Amino acid sequence: MIKLETAENSLKILRLMLRLFFQLRCVEGKEQIRVMKTKPSLKDAAHSLHLKWGDHQLTLDLEVSGTSLDLQALLPLQLELVDLNRNEKYADLPEELSGQAKRVRQINAGDVMIFAGNSLVLFYESFSTPYSYVRLGSIREKDQLADLIGSKVRRFTATLEVAS
């Protein structure tokens with residue numbers, strides 16, 4: 001009886017390992033690489049990122065935080081940024097990022113924040129708000145934002161990557 005139970009447990013473990021192996025193998029391209037990536041250390045962390053689309057590029061200066069490290073572990077990312085409320089663009093991230101959301105009260109053009117754990121938000125207008133966010137950093141070219149990505153641009157696709 002004991003030998004039969006041990007054999008059954010071994011088979012269950014083997015099936016589980018095979019299922020996990022095939023699930024990981026089914027992930028394609030960059031997604032497979034992301035599964036194996038680790039979060040950079042504070043020492044190795046980038047201080048800025050580039051958001052690129054068409055002939056345009058914006059520089060995001062990051063705050064040093066666990067949230068920015070989580071984001072860097074996902075890079076490079078292809079983002080579909082969509083307009084919301086005629087003052088911001090947002091994109092859903094593939095994973096939830098760490099960080100404690102805080103009530104910010106005032107949003108400034110150029111602020112980049114995380115909302116609800118997995119929405120990256122890029123603000124192109126300044127305004128007051130009752131909402132809570134995790135601050136990620138700010139765009140250097142904040143004076144150009146309204147012209148580049150303002151409410152006339154309903155959506156655009158961009159790549160977010162470490163600045164070289």
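What volume does the largest pocket have? The largest pocket has a volume of about 190 Å³. This report describes that pocket, then the chain around it.

The model is predicted: local features need pLDDT of at least 70 and side-chain atom pairs count only at pLDDT 80 or more, while totals for chains, interfaces and linings use all residues. Residues are numbered from 1 along each chain as its sequence is written, and side-chain values use heavy atoms, with hydrogens and water left out.

## Pocket and cavities

A pocket is an open set of points on a 1 Å grid over the protein atoms alone, with protein on both sides within 12 Å along at least five of seven lines; a cavity is a set of points where a 1.4 Å probe fits but cannot get out, and lining residues have an atom within 4 Å of a point. Grid points are joined across faces, edges and corners, and a volume is the space filled by probe spheres set on the points.

The lining of the largest pocket of about 190 Å³ holds 14 residues, and L84, N85, E88, Y131 and Y133 are the closest to its centre. Strands β4 (88–92), β8 (119–123) and β9 (127–128) each give two or more residues to this lining. By class, the pocket lining has eight nonpolar, five polar and one charged residues. In this grouping Ala, Val, Leu, Ile, Met, Phe, Trp, Tyr, Cys and Pro are nonpolar, Asp, Glu, Lys and Arg are charged, and the others, Gly among them, are polar.

The structure also holds two cavities of 30 Å³ or more. The largest cavity has a volume of about 50 Å³, and its lining consists of L51, L60, L81, V112, L120, L122, I139 and L160. Here the classes are eight nonpolar, no polar and no charged residues.

## The chain as a whole

The protein chain has four helices and eleven strands; these are DSSP runs numbered from the N terminus, H or I of at least four residues for helices and E of at least two for strands. Of its 164 residues, 38% count as buried, where buried means under 20% relative accessible area, exposed over 50% and partly exposed in between (1.4 Å probe, protein chains only). The chain exposes about 10500 Å², with carbon and sulfur atoms supplying 53% of it; the areas come from the Shrake-Rupley method with a 1.4 Å probe, and for residues only the protein chains shown count as cover. Contacts (heavy atoms within 4.5 Å) between residues at least 6 apart in sequence join residues at least 24 apart in 64% of cases.

## Strand β1 and its partners

Strand β1 (residues 48–53) is largely enclosed by the rest of the structure, because five of its six residues are buried. Strands pair if DSSP finds at least two bridges between them. β1 pairs with strand β2 (residues 56–62) in the antiparallel sense over six bridges, with W53 opposite H56 in β2. The two strands form a hairpin with two residues between them, and G54 in the turn has a positive phi of about 50°. β1 is also joined to strand β11 (residues 155–162) by four bridges, again antiparallel, and H50 has E161 in β11 as its bridge partner.

Helix α3 (residues 66–74) is mostly covered, with eight of its nine residues buried; among them are L69, L71 and L74. The peptide bond between L75 and P76 is cis, with omega about -5°, and P76 lies in the loop between α3 and β3 (77–84).

N85, in the loop between β3 and β4, has a positive phi near 60° without being a glycine. N85 counts as exposed at 57% relative accessibility. R105 sits in the loop between β5 (102–103) and β6 (106–107). R105 is not a glycine either, and its phi is positive, about 65°; its relative accessible area of 53% makes it exposed.

A91 is in strand β4 and is buried, with a relative accessible area of 1%. Leaving aside neighbours within four places in sequence, A91 is in contact with L79, E80, L81, N118, S119 and L120.

| C-alpha pair | Apart along the chain | Separation |
|---|---|---|
| A91 and L120 | 29 residues | 5.3 Å |
| F127 and Q106 | 21 residues | 6.0 Å |
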